[in-house]
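Here's a quick briefing to read alongside the model.

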Amino acid sequence: MKKTLCLLLVFIMLLSVASCGSDSAFSLGRLADGEYENEMLSVYFRIPEGWRAADEKEAESLLGMTRTVFTGKDEEELKKLEKKQSFDLGYAFVLSTEGGLDRFDLLYQKNTNKSDSASYIASAKKQLESYADLWEIRTVSNGNVTIRGREYAQLEMVLEGGDTLLRYYYCTTEVNGYFVTMILTTSDEDYSFDTFLSTLEATSAQHFEKK
């Protein structure tokens with residue numbers, strides 16, 4: 001009986017250590033061979049056909065500003081960044097189709113004001129609304145969504161100008177002192193963000209259950 005109790009206590013302690021490690025381990029994820037894996041977020045996917053990862057120079061052109069893209073760093077640099085967590089803002093990846101109208105980005109930004117994900121999304125919404133003189137804002141929707149057990153604040157907006165229509169989808173969570181935001185931009189009016197989320201959930205679950 002005592003032996004069984006001791007083994008049970010050891011098992012519980014091991015679970016606690018594993019859980020703490022999972023919660024505290026800061027990760028930018030890794031993009032390699034057409035696959036992205038992030039154990040901190042429990043997110044995994046393969047880059048779809050017709051999409052490609054941008055380097056820093058290409059990302060600057062796509063984003064319209066100079067930004068750090070961590071896919072350009074080697075493993076040693078990534079580990080140093082993850083350990084120190086000294087950067088303020090950077091992209092784990094910037095993915096796009098030819099022409100750049102369709103993009104999927106993963107943005108890390110330090111939570112310097114100790115605010116929450118809803119506040120971050122509200123700020124993103126305000127920024128998009130600042131383009132109202134150039135674009136007509138057709139629809140706006142907010143809410144929360146859970147991906148792999150983690151809650152995200154979300155925002156969907158449709159901007160239209162002339163013959164061009166762009167749909168923006170922001171999905172933000174706060175983890176280890178950073179806001180982590182998935183930003184999906186598409187020119188496809190019929191694109192389903194719900195399908196995107198369910199596919200991401202399914203591929204991530206399948207991948208991590210195998211490990």
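Tyr36, Leu41, Val43, Phe45, Phe93, Phe104, Leu106, Met182 and Leu200 line the largest cavity. Strand E3 (43–46) and strand E6 (103–110) are the elements that give two or more residues to that lining. This is a predicted model, where local features need pLDDT of at least 70, side-chain atom pairs count only at pLDDT 80 or more, and totals for chains, interfaces and linings use all residues. Residues are numbered from 1 along each chain as its sequence is written, and side-chain values use heavy atoms, with hydrogens and water left out.

**The cavity**

- The structure holds one cavity of 30 Å³ or more, and the volume of the largest cavity is about 30 Å³.
- A cavity here is a set of points, on a 1 Å grid over the protein atoms alone, where a 1.4 Å probe fits but cannot get out; lining residues have an atom within 4 Å of a point.
- Grid points are joined across faces, edges and corners, and the volume is the space filled by probe spheres set on the points.
- The lining splits into nine nonpolar residues, no polar and no charged, with Ala, Val, Leu, Ile, Met, Phe, Trp, Tyr, Cys and Pro counted as nonpolar, Asp, Glu, Lys and Arg as charged, and the others, Gly among them, as polar.

**The sheet**

- Seven strands make an open sheet in the order E4-E5-E6-E10-E9-E8-E7, with antiparallel pairing; strands (E, at least two residues) and helices (H or I, at least four) are DSSP runs numbered from the N terminus, and two strands pair if DSSP finds at least two bridges between them.
- Strand E4 (51–53) and strand E7 (136–147) sit at the edges with a single partner strand each, so one side of each has no neighbour in the sheet.
- On average, neighbouring strands are turned by 15 degrees against each other, direction ignored.

**Helices on the sheet**

- Helix H2 (residues 56–63) packs on the sheet and touches E4, strand E5 (89–97) and E6, its direction making about 80 degrees with that of E5.
- Contact means heavy atoms within 4.5 Å; axes are lines fitted to C-alpha atoms, for helices over the stretch in contact, and angles run from 0 to 180 degrees between N-to-C directions.
- Helix H4 (residues 117–129) lies across E6, E7, strand E8 (150–161), E9 and E10, at about 5 degrees to E8.

- Nine of the nine residues of E10 are buried, so the strand is largely enclosed by the rest of the structure; buried means under 20% relative accessible area, exposed over 50%, and partly exposed in between (1.4 Å probe, protein chains only).
- Both faces of E10 are covered, with Tyr178, Val180, Met182, Leu184 and Thr186 buried on one side and Phe179, Thr181, Ile183 and Thr185 on the other.
- Strand E9 (residues 164–175) pairs with strand E10 (residues 178–186) in the antiparallel sense over nine bridges; cysteine 171 stands opposite methionine 182.
- E6 and E10 also run antiparallel, joined by eight bridges, and leucine 107 faces threonine 181 there.

**Positive phi values**

- Most residues other than glycine have a negative phi.
- Asparagine 176 lies in the two-residue turn of the E9–E10 hairpin, with a positive phi of about 50 degrees, and is partly exposed at 26% relative accessible area.
- Lysine 114, in the loop between E6 and H4, has a positive phi of about 55 degrees and is exposed at 72%.

Conventions. On a 1 Å grid over the protein atoms alone, a cavity is a set of points where a 1.4 Å probe fits but cannot get out, and a pocket is an open set with protein on both sides within 12 Å along at least five of seven lines; lining residues have an atom within 4 Å of a point.
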